[in-house]
Amino acid sequence: MSANPKDAAVKALEVSLAKGCKAARISLNITTQCSYSVRNDKLDRLQQSKGSSLFIQLFVDDRYGSFSTNRTDPEEVVNFIGKGIEATRFLTPDPCRTLPDKSLYYTGGGVDLKQYDRSIENIEPKQKLDIAFGCASEVLGKDKRVITVNSEYGDSDDYFYMIDSQGFEDESLESNFTLSAECSVKGRGDARPEAWWYESTLFFNNLKINGCGTKSLERALNRLNPKKLKSGKYNMVVENTASSRLISPIISALNGASIQQNNSFLKGKLGNQIFSPNFTLFDNAHLVGAAGARYFDGEGVATKPMKIVENGTINTYFINTYHSRKLGLPVTIEGPSVLNCFMEDTSSAGIDKNLEYILSKCGTGIFVTGFNGGNSNSSTGDFSLGIEGFFFENGRISHPIKEMNVTGNIITLWNNIIEIGTDPRNSSRWLIPTLAFESVDFNGI
Amino acid sequence: MIESHKLMAFFGVCEEDLRRLVEIALSNGGDYADLYFEYSISNELALRDGEVNAAGSHIDYGMGVRVLFGDQTGYAYTEITTIEEMEKAAKVASRIASSPSKYKLPNVNKLKFANFYPVICPWEENPISNKTPYLQELNAKIFDLDKRVNKVLARISDSTSQILFFNSEGLLACDDRPMASLTATCIMENNGKVENGSSSRSFRTGFEFLTHELVDEVANEVVHRTASLFDAIQPSGGELPVVMGAGSSGILLHEAIGHAFEADFNRLNTSIFADKFGKKICTEEISVIDDGTIPWNRGSVNFDDEGVVGQKTYMVKNGVLTSYLHDRISANYYKTKPTGNGRRESFRFMPLPRMRATYMENGKSRESDIISSVKRGIYVDNFSNGQVQIGAGDFTFYVKSGFLIENGKLTQPIKDINIIGNGPQALADIVAVADNSIIDNGTWSCGKEQYCPVSCGMPSVLVKKLTIGGVQN
């Protein structure tokens, strides 16, 4: 890698064009990370690394090849690109493979999205270690049922640079700080229920250092003595730590590749009201200080805040240049950046719809705190997921549950939404709050 | 197999450099250190919309330094194998320890091992033009097999990793690790209803992997799997007897017991099987093996990623838990020998106890007799993914397709259900084992902190009771 890391990408672009590419896009990623893991009262693992990769996309005679290497010695990059071009020429031409329309590029001028904390370079190893030890100490000696606790402090620094042969050039820098704790406790018989908690932020000073270990212990103890319920239809409340899992099938089904391959339960649904009119899904791509906020996607196309689903109606698919040409649809964006969802319900405007409020509103049902495996069918939207969580009655948590599944269809599920909270966790890129659905099939005894 | 001096030259190191790096790694008093050099090149070729129109190649190069101090680990890696950068990594890893160095390097020994995946025709000698006809043939066969086929996605992936390993015991080892897979996904449409299915095969092998027979096998399987879904339903859920068909039902072993037998979880006393060593945990008819020695198998290792030769490990022998799956750390803790299960995704990761090919040996029953013994239950034989909670023991796996069993006969096709159970209970609830054990050679990967290629297998078995996902009528 040269002194200015961008030089390797610029050189790769020059070489690609000089060797006969009609167009090319080069991306460079440099990541530095470290982590300190503590088990009980001693340092368990120490890890540190720095890595870089060049991603090279070549458009050769209407053909397309995608290549990557972490060997950035100039001579090796030249040879690698030469072989890549040679390989690409064996493919069948696909005229839909082009760079985007230049008018769609992000051209700069946006406010600082506050994705990078320069203090990352100045945090001393001892401070990091103290944080990890402090987290574990919140658990050790606090309950005789504790078997073990693992805590980990980690930080990373990601640099991204992209340049293409149409003149797009931009870069981004992101820092990330995480603290996690995982606690195992002695349960009934041979069972050793475990639970975790984590905090994650872009800025070190925002990292919640206190309470992470305690939270993991509370969650583990809450799992003791679970019971299996009878199969049946129940209200389902999904904690904000797990609710993204119910959005993922929708995002996958809106992807241009799924639409083009006729493998999406939302194909042909653009502009139609498919979900409950209470459900709106929003991509807040320019939310300052939110993890995942960005001005351009992987093609350089400018992002913008947009309602993906509005009052239950599908407003957009995620269409990149290739799928735009394949489907005859306009380019939108490759994928979402910062997802939010909310209820278009003026009667509850201003109400803090947190977990307590939602459990109380639902009365009785199953509170899901995590999903254990499972999957969904991309063609039909049918899903079946293992769950972790609790039975609740009269708005109060009653007891933990075990060995249960939830099964249904994503479209039906999202038509049965009865509440969307206002409490997303800021620790994740998808800011999905607590959700509540009615009449959901659970499988137990 | 590449010779060590050639691989050392490729990575730009000599024996003296390796010794020096280990000395630095142990300069703060660590007990053990190893160096893991890797050069991997992977290639992909894809067919979509009837054309072979996307290709990719990816190079990953670097080395990792690991230092053990008791059961503590220091780890650092670098992508630049200059002496200066490697020394920096060794110094970082050394910081896990804090006592005077007591290290004296023994003589260098070259590891002797059997080669479980000899390559006849290396991938690097075969350009895209040699692979393309197989994808085109696969596409044509899938379309020929059923008029309802609407789209086909097919992919050939191959990779070759060259590994140089050296440790503070003076052990020096080199390996060429090939991997190949052929995958097909088929979308079918019937009266406005759309279904999708996938099939794959994967082996540690060279270009000889690609044959017309392989193409036939994958084409037939993906079409059969997809077509069967049109008549399938999500059944009523609840507790039912489950007959797990031979082969890919090995996912039950992987999730329900395999992870819980990995010795890191047991060493930390967080596995539900932590107190079960040497005890009877299931019927005597059951023996479960984790095997790194099956020729060309996706999970095989000539030696693992901490220099321990590939071997076959009985985890359960005649119903008794006889061995955990060890890396060097856990083997030291249990005062036993490592079992060759210390594996890692790449030089970017430290090794952990991981499975290889996990399977159950044959029993005495016939599958047809097992099915006919079930009055009401389900039969499952096609899965996509699974997961387990090690401490609670709850495991799940997702069933893509199967059948209802009614009065001892396979009847209504079923699909898209999750099955959940508890590991020790499910193992104890296996009441019949068939005589048809086979290894499933699909593209299985295990995602415990990092990805590793694995495989699994099983004879058909009857589990008395598991919780089936489904919809209430």
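Glu403(A) counts as buried, because 26 C-beta neighbours lie inside 10 Å, and the cut-off for buried is 20 or more. This is a predicted model. Glu403(A) sits in strand β14 of chain A, which covers residues 396–409. Glu403(A) is not a glycine, yet its phi is positive, at about 45°. Most residues other than glycine have a negative phi.

Lys114(A) also has a positive phi without being a glycine, here of about 50°. Its place is the loop between α2 (74–88) and α3 (125–137) of chain A. Lys114(A) counts as partly exposed, because it has 13 C-beta neighbours inside 10 Å. Exposed would need 12 or fewer.

The table sets out the two residues.

| Residue | Phi | C-beta neighbours inside 10 Å | Class |
|---|---|---|---|
| Glu403(A) | about 45° | 26 neighbours | buried |
| Lys114(A) | about 50° | 13 neighbours | partly exposed |

Now to the meeting of the chains. On chain B, 69 residues are in contact with 61 residues of chain A. Which element of chain B gives the most to this side? Strand β2 (residues 51–69) does, with 12 residues. By type, the side of chain B that touches chain A holds 25 nonpolar, 32 polar and 12 charged residues.

How values were computed. Residues are numbered from 1 along each chain as its sequence is written. Chains are lettered from A and ligands numbered from 1 in the order in which they are written. This is a predicted model: local features need pLDDT of at least 70, side-chain atom pairs count only at pLDDT 80 or more; totals for chains, interfaces and linings use all residues. Two residues are in contact if their C-beta atoms, placed from the backbone, lie within 7 Å. Helices (H or I, at least four residues) and strands (E, at least two) are DSSP runs, numbered from the N terminus. Ala, Val, Leu, Ile, Met, Phe, Trp, Tyr, Cys and Pro count as nonpolar, Asp, Glu, Lys and Arg as charged, and the others, Gly among them, as polar.
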